[in-house]
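Colleague: I am new to this one. Can you take me through it?

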Amino acid sequence: MDFQYASQIIKESASSCLLCSGKNCSVACKKGVDAAKILYSLHFENNCGAYATAKKNTACLTCDSKECELACLKGKITRPVPVQKTISALLSLPEDSSELKDGSVNENYDEVFLDTLFCGVRCENPFFLSSSVVASNYEMIAKAFDEGWAGVAFKTIGAFVPEEVSPRFATLKKENDGFVGFKNIEQISDHTLAENLDFIRRLKAEYPTKVIIASIMGRNEREWESLATQVQNAGADIIECNFSCPHMATHGLGSDVGQNPELVAQYVKAVRRASTIPILAKMTPNVGNMELPAIAAVNAGADGLAAINTIKSILNVDLDSFVSQPQVGNYTSVGGYSGKAVKPIALRFINDIRKCIETRAIPVSGMGGIESWRDAAEFISMGCGTIQVTTAVMQYGYGIIHDMIDGIKRYLAKYGYNSIQQIVGQALPKIIPTDLLDRRTRQFPKFVRDKCVGCGRCITSCYDGGHQALDMGKNGKPVLNKNCVGCQLCLLVCPAQAIIAGTRSQLSNK
């Protein structure tokens with residue numbers, strides 16, 4: 001079988017897999033291939049981990065049975081995932097292929113360490129649950145700890161219990177993706193203060209090596225002080241001040257505070273007076289310059305920063321009723337937007353914080369669109385000491401931690417790192433002002449002719465959205481002309497990966 005399109009086969013199969021909890025394909029396989037684990041790793045960009053699993057049992061290469069596909073639940077919706085073809089395509093990749101370049105395919109990472117010191121608190125790895133519904137009671141957090149999460153930012157605790165609405169979630173979808181964006185109008189914890197304090201006590205007693213961040217939100221200085229004292233006494237390791245929730249039902253809370261540097265400073269000082277453990281100030285992205293409230297927080301006594309919380313949003317207007325989602329009766333409200341789509345925005349804000357003179361040395365816990373080990377590594381390379389996850393857990397469950405840990409260990413091993421600390425902040429020097437970018441060279445596209453299927457997507461995009469630099473050749477495949485400026489739009493839209501970046505060259509003096 002010709003597998004020159006192996007990477008496309010792998011990506012399409014991984015994205016189409018339902019990731020069902022029953023792992024029907026693995027159960028059905030009479031030869032012991034753990035197809036579910038392979039597909040799961042591929043879905044979360046841990047290609048090297050998937051390859052290593054597949055290499056342990058290569059029965060798919062000679063199997064003519066279809067038990068795995070007959071058991072595949074995707075077949076009840078459209079068609080089964082082509083399990084055998086996918087795993088065979090994966091095994092056809094050479095170990096130096098681009099699909100496997102970012103990690104080790106061998107499990108030789110015993111000397112790679114993920115433990116880190118964050119605000120003086122030892123963490124077994126950098127992976128935390130963020131303050132949200134995924135971290136809202138004892139049973140949920142205990143399960144997450146058992147799976148391998150190093151810590152949790154407990155769902156925001158207040159001195160009051162809010163009234164919730166139904167429904168409270170909505171998603172933004174594109175093509176076959178489950179969702180790329182997520183909106184919520186959820187409030188803080190719906191448990192009483194006494195219940196939440198009991199959860200923290202029990203968790204700290206039973207999981208003493210795990211890190212508990214108590215997210216709190218007060219309505220005045222007295223409540224901020226009281227909450228800080230009580231969560232510390234219950235056993236919290238760190239306090240996170242929620243200055244960022246964008247959709248509280250009562251004004252003067254959440255992002256209303258985070259947009260006001262004076263209030264940020266006032267409440268951080270209140271928490272500092274009432275506690276001795278480290279304090280994080282959770283920043284809102286609903287500002288133009290996050291540095292201003294961040295500086296205020298640090299000057300008032302915050303030991304670290306957490307960024308970003310959700311972005312104010314309106315999602316999916318129904319064109320029959322003109323009500324957007326989530327639809328509560330005949331109305332909705334502005335809510336918080338999260339998910340993969342906000343990752344570039346989160347990285348930009350973290351870059352700003354880490355390059356600001358007053359905050360550059362302050363520990364940052366990063367969040368916003370993290371789904372895979374690769375996402376986490378990007379945040380860490382931007383200077384984050386820990387990362388926090390919510391939306392991906394809501395979509396896929398706590399089990400994503402396994403490929404996060406495995407994938408990042410394989411990456412570190414491949415590049416000769418033995419500690420996660422060695423990549424912290426490595427990306428920051430690579431981001432420079434626009435006027436300093438090289439404008440004297442060009443990198444033109446290069447065509448991989450034997451992979452081109454002649455669909456013409458590149459020509460359409462180049463003509464209608466680029467520089468009219470591509471023409472259709474006599475053989476039905478694109479030909480580059482003198483109009484090309486090296487923007488590489490064609491590379492980005494090619495569905496067959498038949499266009500790659502060419503060699504960067506100096507511009508002529510003409």
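This is a predicted model: local features need pLDDT of at least 70, side-chain atom pairs count only at pLDDT 80 or more; totals for chains, interfaces and linings use all residues.

Colleague: Where is S130, and is S130 buried or exposed?
Modeller: S130 sits in the loop between β3 (127-129) and α7 (138-147). Beyond its neighbours within four places in sequence, S130 is in contact with A135, A153, M367, Q388, V389 and T390. Its relative accessible area is 5%. Buried means under 20%, so S130 is buried.

Colleague: Does the span of helix α11 agree with its residue count, or disagree? What is the distance between its end C-alpha atoms?
Modeller: Helix α11 covers residues 261-274, which makes 14 residues. At 1.5 Å a residue, the helix should span 20 Å. The model agrees: the end C-alpha atoms are 20 Å apart.

Colleague: Which residue caps the N-terminal end of α11?
Modeller: Look for a side-chain oxygen by the backbone nitrogen of E262.

Colleague: Which elements do the buried residues of α11 pack against?
Modeller: The buried residues are V264, A265, Y267, V268, A270, V271 and A274. An α-helix has 3.6 residues a turn, so residues three or four places apart point the same way. The partners of the buried residues are β7 (211-216), α9 (221-234), β8 (238-242), α10 (255-258), β9 (279-282) and α12 (291-300).

Colleague: What kind of aromatic pair do Y411 and Y415 form?
Modeller: A search of the whole structure finds 11 aromatic pairs. In the pair of Y411 and Y415, the centres are 5.2 Å apart, with 50° between the planes. Under 30 degrees would be stacked and over 60 edge-to-face, so this pair is tilted.

Colleague: Which residue puts its charged end over the ring of Y415?
Modeller: Y415 is partly exposed, at 42% relative accessible area. Y415 also belongs to one aromatic cluster with W373, Y411 and Y417. The charged end over its ring, 6.0 Å from the centre, is that of K414.

Colleague: How many residues apart in sequence are E186 and R168?
Modeller: E186 and R168 form a salt bridge, with the closest N and O atoms 3.4 Å apart. E186 lies in the loop between β6 (181-184) and α8 (193-206), and R168 in the loop between β4 (151-157) and β5 (169-172). So the pair ties together parts that are apart in sequence by 18 residues.

Colleague: How many salt bridges are there?
Modeller: Side chains of opposite charge can pair when their charged atoms come close. One of the pairs is E107 with K56, at 3.2 Å from N to O. E45, K101, D102, K340, K343, R374, D375 and E378 are linked in a network. The count comes to 23 salt bridges.

Terms used. Residues are numbered from 1 along each chain as its sequence is written. Side-chain values use heavy atoms; hydrogens and water are left out. Helices (H or I, at least four residues) and strands (E, at least two) are DSSP runs, numbered from the N terminus. Buried means under 20% relative accessible area, exposed over 50%, partly exposed in between (1.4 Å probe, protein chains only). Contact means heavy atoms within 4.5 Å. Rings of Phe, Tyr and Trp (its six-membered ring) pair if their centres lie within 6.5 Å; planes under 30 degrees apart count as stacked, over 60 as edge-to-face and the rest as tilted. A charge sits over a ring if NZ of Lys or CZ of Arg is within 6 Å of the ring centre and within 35 degrees of the ring normal. The expected span of a helix is 1.5 Å times one less than its number of residues. A polar contact is a pair of N or O atoms within 3.5 Å; within protein, one must be able to donate a hydrogen and the other to accept it, and residues adjacent in sequence count only if both atoms are side-chain atoms. A salt bridge is a side-chain nitrogen of Lys or Arg within 4 Å of a carboxyl oxygen of Asp or Glu.
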